[in-house]
Amino acid sequence: MRDRTALLIQKLELLDITITEKQTEQFLQFYEMMINTNQVMNLTSITEPVEVMDKHFLDSLAVKRIYDLNGTVSVIDVGTGAGFPGIPLKIVFPDIHIVLLDSLNKRVKFLRDVVEALGLENIECIHGRSEDIARADNYREKFDLCVSRAVANLSVLSELCIPFVKIGGRFISYKAGNSAEEIEDAKTAVRKLGGKMKSVEKFSLPGTELERVFVEIEKVRETLKKYPRKAGIPEKIPLK
């Protein structure tokens, strides 16, 4: 455990993040819960401590490079899976108000157990499809920031995520380093959904050779009520 503590502190320092003893305990408890649950439910194929720190914790938190999460920022994490990037963001930036959204109820139950065990506050775990939840008045265009590490085409993700963002807010998609063509192809969809490509930040995760890209989309006008389309349609017929 002591080795993992030192490793965690060392890794986060690469992002200029210093955490308290309580936050360290929260990260390590989250790791243990994820690994234990992973034995009975497929949460992640990444389980070795160093890989989890790099590919889950560090990767999740790297968004601080382009977005200031200090203060009471409202965030939604779409397709959060095992809680990435949402749980690490909430641990390091405890003042944010965050919603974790996933379509698999078993994962959402796991996340609720994590939230309770870690004593996290101002965090909501929702089971549902974004096509449905984004139409609800209490979630549509209510967030300063939407983040997603979901493995989906950016045109599809934009339709699932941009409707959650208030005008002036941001949708930030976590992508692999070889996403240039996908990003270019998504520009029309982003425009139709009320967004505007603000920046594309390509970088290597500190201390690794992992190439990553943040696609930052600004919400410049309301999303038309017809978006997102019914569940399943965005994936089958991406906006062009």
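**Entry 1**

I began with G195, which stands opposite K219 in β7, and I note here that the model I am reading is a predicted one. G195 belongs to β6, an edge strand covering 195-204, and I found that β6 and β7 (residues 211-219) pair in the antiparallel sense over 9 bridges. Further along, I looked up V200 and found that its bridge partner in β7 is V215.

I then followed the chain between these strands: β6 and β7 form a hairpin with 6 residues between them, and G207 in the turn has a positive phi of about 80°.

**Entry 2**

Stepping back, I read the strand order of the open sheet as β3-β2-β1-β4-β5-β7-β6, with 7 strands and mixed pairing. The edge strands are β3 (123-127) and β6, each of which pairs on one side only, and the twist averages 20° from one strand to the next. I looked next at helix α5 (residues 105-118), which packs on the sheet and touches β2 (97-102) and β3, its direction making about 165° with that of β3.

**Entry 1: the largest pocket**

I turned to the pockets and noted that the largest holds about 870 Å³ of space. Its lining has 36 residues, and G79, G81, R149, A150 and V151 are those that lie nearest its centre. By class, I recorded 16 nonpolar, 9 polar and 11 charged residues in this lining.

For the second largest pocket I noted a space of about 190 Å³. I found K22, Q23, Q26, K90, I91, P94, D95, G119, L120, E121 and N122 in its lining, where α2 (21-38) and α4 (86-92) are the elements that give two or more residues. Which element gives the most to this lining? I found that α2 does, with 3 residues.

Notes: Residues numbered from 1 in each chain as written. Predicted model: local features only at pLDDT ≥ 70, side-chain atom pairs only at ≥ 80, totals over all residues. Heavy atoms only, no water. Pairing = 2+ DSSP bridges. Helix = DSSP H or I, 4+ residues; strand = E, 2+ residues; numbered from the N terminus. Axes fitted to C-alpha atoms, helices over the stretch in contact; angles between N-to-C directions. Contact = heavy atoms within 4.5 Å. 1 Å grid on protein atoms, 1.4 Å probe; cavity = no way out; pocket = protein on both sides within 12 Å on 5 of 7 lines; lining within 4 Å. Points joined across faces, edges and corners; volume = space filled by probe spheres on them. Nonpolar A, V, L, I, M, F, W, Y, C, P; charged D, E, K, R; others polar.
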